[in-house]
Amino acid sequence: MSFNAVIEQLESVFDQVYVDGSDDELFASGYLRGHFDLVVARMEMNDETDAQAIIPNLKAAVEQAKHELAPADQTHVNNLVEQLDIVVRSV
């Protein structure tokens, strides 16, 4: 599956959270979506189109910013990262 197709799949996970998510999941989704968009933009700017690199890059970005979140919020963000990882591994 192409890089852009995987991105679309991952974006659909974010979209689904907006439909079905709890308040905590909505917060995590909004927070993570910002990191996701930056990671994808950086990858595209560097002509890095390996879809399997999205999640490791996203995890690194979240790790660098973990001081911004309370432990409970970190848990919600990490849970959503894991959901995204499952999507990437399944393609």
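**Notes on the predicted model**

1. Phe-27 and Tyr-31 are both found in helix H2, where four residues, about one turn of the helix, separate them. The model under discussion is a predicted one. The ring centres of Phe-27 and Tyr-31 are 6.2 Å apart and their planes lie at 20 degrees, so this pair is stacked. Tyr-31 is buried, with a relative accessible area of 16%, whereas Phe-27 counts as partly exposed at 39%.

2. The structure holds two aromatic pairs. One of them joins Phe-14 and Phe-36, whose ring centres are 5.3 Å apart; with planes at 50 degrees, the pair is tilted. Phe-14 belongs to helix H1 and Phe-36 to helix H2, so the pair ties together parts that are 22 residues apart in sequence. Both of these phenylalanines, Phe-14 and Phe-36, are buried.

3. Helix H1 deserves a separate comment. Its 18 residues should span 26 Å at 1.5 Å a residue, and the distance between its end C-alpha atoms, 26 Å, agrees with this. Its buried residues are Phe-3, Val-6, Ile-7, Leu-10, Val-13, Phe-14 and Val-17. Viewed down the axis of H1, these buried residues fall within an arc of 110 degrees, so they line one face of the helix. Glu-8, Val-19 and Asp-20 are exposed on the other side of H1. The cover over the buried residues of H1 includes H2, H3 and H4.

4. Which residues touch the most other members of the largest nonpolar core? Within this set of 29 residues, they are Leu-10, Leu-32, Phe-36, Ile-54, Leu-58, Val-77 and Leu-84. At least two residues of the core come from each of helix H1 (3-20), helix H2 (23-45), helix H3 (54-64) and helix H4 (71-90).

5. The structure holds six salt bridges. In one of them, the side chains of Arg-33 and Glu-11 meet at 3.5 Å, N to O. Arg-33 is part of helix H2 and Glu-11 of helix H1, so this pair ties together parts that are 22 residues apart in sequence. Glu-11 is partly exposed, with a relative accessible area of 26%.

6. Arg-33 also meets the side chain of Asp-37 in a salt bridge (3.2 Å, N to O). Asp-37 and Arg-33 are separated by about one helical turn, because they are four residues apart in helix H2. Asp-37 counts as partly exposed, at 37% relative accessibility.

7. A further salt bridge is formed between the side chains of Glu-82 and Lys-59 (3.4 Å, N to O). This pair links distant parts of the chain, as Glu-82 is in helix H4 and Lys-59 in helix H3, 23 residues apart. Glu-82 is partly exposed at 36% relative accessibility, and Lys-59 is partly exposed with a relative accessible area of 36%.

8. A network of salt bridges links Lys-59, Glu-82, Asp-85 and Arg-89. Is Asp-85, a member of this network, buried or exposed? Its relative accessible area is 13%, so Asp-85 is buried. Asp-85 lies in helix H4 and, leaving aside its neighbours within four places in sequence, is in contact with Ile-55 and Lys-59.

Notes:
Residues numbered from 1 in each chain as written. Predicted model: local features only at pLDDT ≥ 70, side-chain atom pairs only at ≥ 80, totals over all residues. Heavy atoms only, no water. Core = buried A, V, L, I, M, F, W, Y, C linked by side-chain atoms within 4.5 Å. Buried < 20%, exposed > 50% of the residue type's maximum accessible area, 1.4 Å probe, protein only. Salt bridge = Lys/Arg side-chain N within 4 Å of Asp/Glu carboxyl O. Contact = heavy atoms within 4.5 Å. Expected span 1.5 Å × (residues − 1). Arc of directions from axis to C-beta. Phe/Tyr/Trp six-rings, centres within 6.5 Å; stacked < 30°, edge-to-face > 60°.
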